[in-house]
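My entries follow in the order in which I made them.

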Amino acid sequence: MHAILNAILAWPYLMRMVFVLVIVLVLPLIGGYIVLVERKVMADMQVRLGPMRVGPHGLLQPIADAVKLLLKEDIIPESADKMIFWGAPLISVTAAMLALAALPIGPFFLIADLNVGVLYIVGISALGIFGIVFGGWASNSHYSLLGALRSAAQLVSYETSAGMAIVGALLLAGTLSTRAIVEVQAEEGVWLIFAAPVGFFIYMVASIAETNRAPFDMPEAESELVAGYMTEYSGFRWALYFLAEYTNMIVVASIATTLFLGGWLRPFAGTALFNFLDFFPMVLMLGIAVYCLYRAPKQPVAVQKVFMVAVAGICALLALILVAPLIPGSPMAGAKEGLLGAFWFLFKVSAYLYIFMWLRFTFPRYRFDQLMRLGWQFLVPLSIVNVVDIAGALVLHRTLGWGKVPSFLLSIVVTLAIAAYLVSVGEKHEPAIVGEEETGNA
């Protein structure tokens, strides 16, 4: 009996260790396949196929890339600070992975339920900049050092506005616990994005720049900076920086999902009229299965046909697993919140990452002066105004007795008006760029 009691008491710690192993072992694989998805999305937007040669539909391409990077020669410059040069990528990857510890992927998948979870995530994520600065400095290269300084300036600039956007969401939630923030949205019956849409927009733009994604990818723009802070890196150490980047993408997407998009909650979670949305995961999986079966006979190679049928079978199995908790009297009824919650969380994170990819293949790259001007002259003041307006809306509602809807509508209108003013002021002060041909003629 005593042994059984000890096993029960140790169960939460065993589960947390399992979650840690999942993040450490599975996340690099997920990062590799996010790269494949990005290449496929880019190819689709450009009416191409993307990687198709390595494995069925190119699905083994990330494995081939990882093996290639492992086998490539690891070159360390002779005059580099070898210890710091070796450890700098590890700092970036470690900081990105540690930030995932306080993010609730579902109501039960959470490593550390901290009462200051958001503060922990923001603080740990900010340490990743040391890996960039150390990598540029330890290379003993002017290109790398200048790239690291530019990267540091960019990250600090946009972390400021992202942090202020998070403050606005925290004012609405009234807590720093990530689990409690989702529970507040469940109790209120509405996601925080509807109370602070401007804050979500600020955070989304800042998160794109913070993760070095296009159109703000100046730290890695090879044509401008010779690959920036990672110029002297090669092999798997070079890949670690990109693993950190894609892990940070998952982190910022998870933060946005938790703070603004209801976390693991489905849309209209508190409204019985929309309970049919509980069947959406099953319908989505069945739809993918039917599509794969429809496409299977049209594949040019036999292995691709078999693969499409196998994917259809896996999706059908997932559909059965996701619908099982909804069946009355099912032994899996207790797992409804966990299974469906994890699905909705991952679905929202995936949609956020797709927006990252969509923007990359849509907008041209910013110049560095435009990048800094957008951060300091628009996003930072707008984020401060957003926090003040949210605080004003809370005062109107809680102190003066205004309704929630008019209070926050007034806050949103005022914030948008000031945003329009900042845009007009920025356009007036936009410096004129003289082209090379005009300069030569002059």
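**Domain contact**

I began with the distance between the C-alpha centres of domain 1 and domain 2, which is 24 Å. The model is predicted, and I kept to its limits: local features need pLDDT of at least 70, side-chain atom pairs count only at pLDDT 80 or more, and totals for chains, interfaces and linings use all residues. Residues are numbered from 1 along each chain as its sequence is written, and side-chain values use heavy atoms, with hydrogens and water left out.

I noted the bounds as 1–71 for domain 1 and 72–265 + 360–439 for domain 2, taken from an automatic or database domain assignment. For the contact (heavy atoms within 4.5 Å), I found 20 residues from domain 1 and 19 residues from domain 2.

I then looked up the buried area (the accessible area, with a 1.4 Å probe, that two parts lose on being put together, summed over both): it is about 1800 Å² between domain 1 and domain 2, and carbon and sulfur atoms give 79% of it. On the side of domain 1, Phe19, Glu38 and Leu69 supply 34% of the area buried against domain 2, more than any other three residues.

I counted 2 salt bridges between the domains, a salt bridge being a side-chain nitrogen of Lys or Arg within 4 Å of a carboxyl oxygen of Asp or Glu. Glu38 forms a salt bridge with Arg213, whose closest N and O atoms are 2.3 Å apart.

**Ser92**

I next turned to Ser92, which lies in helix 3 (residues 82–99); helices are DSSP runs of H or I with at least four residues, numbered from the N terminus. Ser92 counts as buried because its relative accessibility is 5%, where buried means under 20% relative accessible area and exposed over 50%, with partly exposed in between. I saw that its side chain reaches the backbone oxygen of Gly128 at 3.3 Å.

**Backbone exceptions**

Most residues other than glycine have a negative phi, and most peptide bonds are trans, so I searched for exceptions. Val47, not a glycine, has a positive phi of about 55 degrees; I placed Val47 in the loop between helix 1 and helix 2, and at 76% relative accessibility it counts as exposed. Asn212 also has a positive phi, of about 60 degrees, but Asn212 is buried, with a relative accessible area of 6%.

Asn212 is found in the loop between helix 8 and helix 9, and Pro215 lies in the loop between helix 8 (197–210) and helix 9 (222–225). I recorded a cis peptide bond joining Ala214 and Pro215, with omega about 10 degrees.

Conventions
Helix = DSSP H or I, 4+ residues; strand = E, 2+ residues; numbered from the N terminus. Buried < 20%, exposed > 50% of the residue type's maximum accessible area, 1.4 Å probe, protein only. Polar contact = N/O pair within 3.5 Å; in protein donor to acceptor, adjacent residues only side chain to side chain.
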